[in-house]
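Here is a briefing for a reader new to this structure.

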Amino acid sequence: MVTAVRRAGERGATVRPTGASARVPGALVRTTDLLLDCSALTGVVAVSQDRVLVRAGERLASLFAELAESGRSLAVVPDAPGATVGGAVGMGVYGGAPREGSLSAQVVAARLVDGRGEVRTVSGAELDAVRCGLGALGVLTAVELRTVEPERLQVHEQARRLEEVLDEDLLRAHAWTECDVAVPSGQVIARWADPVDPDPAPAPPRAEGTVTTRAAVRAEAWGRAVSRLASNPPWASWPPPARWSAGTEGWPYEVLPDPQPWDPDTAEWAIPAEALGAALRELGAAATARGLELQRPVRVRLGAAETGLLHPAYGRDTAWLRIRTRASQEPLRRLAGAVLEDASGRPAWTSRHEWGPDELAVAYPGAAEFQRVRDDYDPDRRFTDPNLERILGP
Ligand SMILES: Cc1cc2nc3c(=O)[nH]c(=O)nc-3n(C[C@H](O)[C@H](O)[C@H](O)COP(=O)(O)OP(=O)(O)OC[C@H]3O[C@@H](n4cnc5c(N)ncnc54)[C@H](O)[C@@H]3O)c2cc1C
């Protein structure tokens, strides 16, 4: 990596580091100059009691598998098992644990090659620039992450109403949560997970001749809920197919990631958690008023406030809204953006948006500090391209 960056410097070329997106580059790694594929930089270097040192090209799925062998895990399990550690940290990839931050928040130290081809070990305050660095500060080669002892989870899935979910604060009430919300009808498929009780209460005696397992009870409840909703569906695709069979238990990295493929037309926003209910209602009202239809449910998750200077959850507990539009639904994508921006939203770096330095300066109190670190780490702007320049400025 050092040689690659120095050679690029000698040729006056710019470099964009990339992980798993090397073959199908997303917006932040599309470049007309050099794309530096870091996905071969793999391997777990060391697992200690509550830390793992891992090379930046390691895929999340392999990292979770290796950690499991040492009886460890990460506190956050994103949906993207194919993402690399460097890409996930660079983008601030989140999971669905309402009291946990993103993968970037788990970073305790990082090693990177800066714009002059020098190796830096980053810890302390500057780490907050690296946590969601968008590949603008250097090429991450290794990252040290905080680990936790994994707990087996039992997962649940239930049809609910949005008002109930908000009144009960369901999204905050469990170790892991997410909701698919039909907007504007307010129908919800709520999913949650909690550690399996290691010492469950004895099962109540059964009436002779009946066999009623917990799994069977849940399957029946799910079936009832789904047929109740199916009798009045907002769209043909509602409700979404059940993610798990009833009574499913497993390790977090086994049961939590959603196997649905990532949709490149997804509009994703991070809004203050307390604004969630009002924002969903406003989104429904605005779409209805304009005759626009959200044809797929809005995926909602919560996450804790971040310290990463450019992390969309910086400084506030956050509700993430993933709005799956189609390429032909540009007006809807823009409308969602306008509504969620009004709710003090910040676009997720994975989604398409029109934000630039002016928006960043207003919405991110740490934007100027990020630029100071950028000036120090990459004074010649080795790690840029027109797309990144549009967002961060020159
Ligand atoms: C199936 C699927 C599910 C997903 N689910 C989620 C989810 O649940 N939550 C979520 O937040 N996101 C999710 N995403 C989006 C995900 O955040 C990004 O796809 C992920 O960050 C990409 O990782 P990558 O290795 O492909 O990085 P890339 O796309 O290659 O890079 C991402 C950013 O990191 C930088 N970068 C990459 N490698 C390095 C490096 N070594 N050093 C410095 N900078 C680097 C790049 O320059 C770029 O700015 C999902 C994506 C997919 C495909």
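This is a predicted model: local features need pLDDT of at least 70, side-chain atom pairs count only at pLDDT 80 or more; totals for chains, interfaces and linings use all residues.

**Helix pair, ligand site and backbone**

Residues are numbered from 1 along each chain as its sequence is written, and side-chain values use heavy atoms, with hydrogens and water left out.

Helices α8 and α9

- Helix α8 spans residues 276-289 and helix α9 residues 330-342; helices (H or I, at least four residues) and strands (E, at least two) are DSSP runs numbered from the N terminus.
- Their axes come within 10 Å and cross at roughly 140°; axes are lines fitted to C-alpha atoms, for helices over the stretch in contact, and angles run from 0 to 180 degrees between N-to-C directions.
- In contact (heavy atoms within 4.5 Å) are A279, E282, L283, A286 and A287 of α8 with L332, L335, A336, V339 and L340 of α9.

Ligand surroundings

- Around the ligand are 30 residues, each with a heavy atom within 4 Å of it.
- P17, T18, S21, T84 and L140 come nearest of these 30 residues.
- A polar side-chain atom of T18 lies 2.6 Å from an oxygen atom of the ligand.
- For A20, a backbone N or O atom is 2.8 Å from a ligand oxygen atom.
- For L140, a backbone N or O atom is 2.7 Å from a ligand nitrogen atom.

Backbone features

- Most residues other than glycine have a negative phi, and most peptide bonds are trans.
- The V183 to P184 peptide bond is cis, with omega near 10°.
- P184 sits in the loop between β9 (176-181) and β10 (187-195).
- S344, in the loop between α9 and β15 (346-347), has a positive phi near 60°.

Methods
A polar contact is a pair of N or O atoms within 3.5 Å; within protein, one must be able to donate a hydrogen and the other to accept it, and residues adjacent in sequence count only if both atoms are side-chain atoms.
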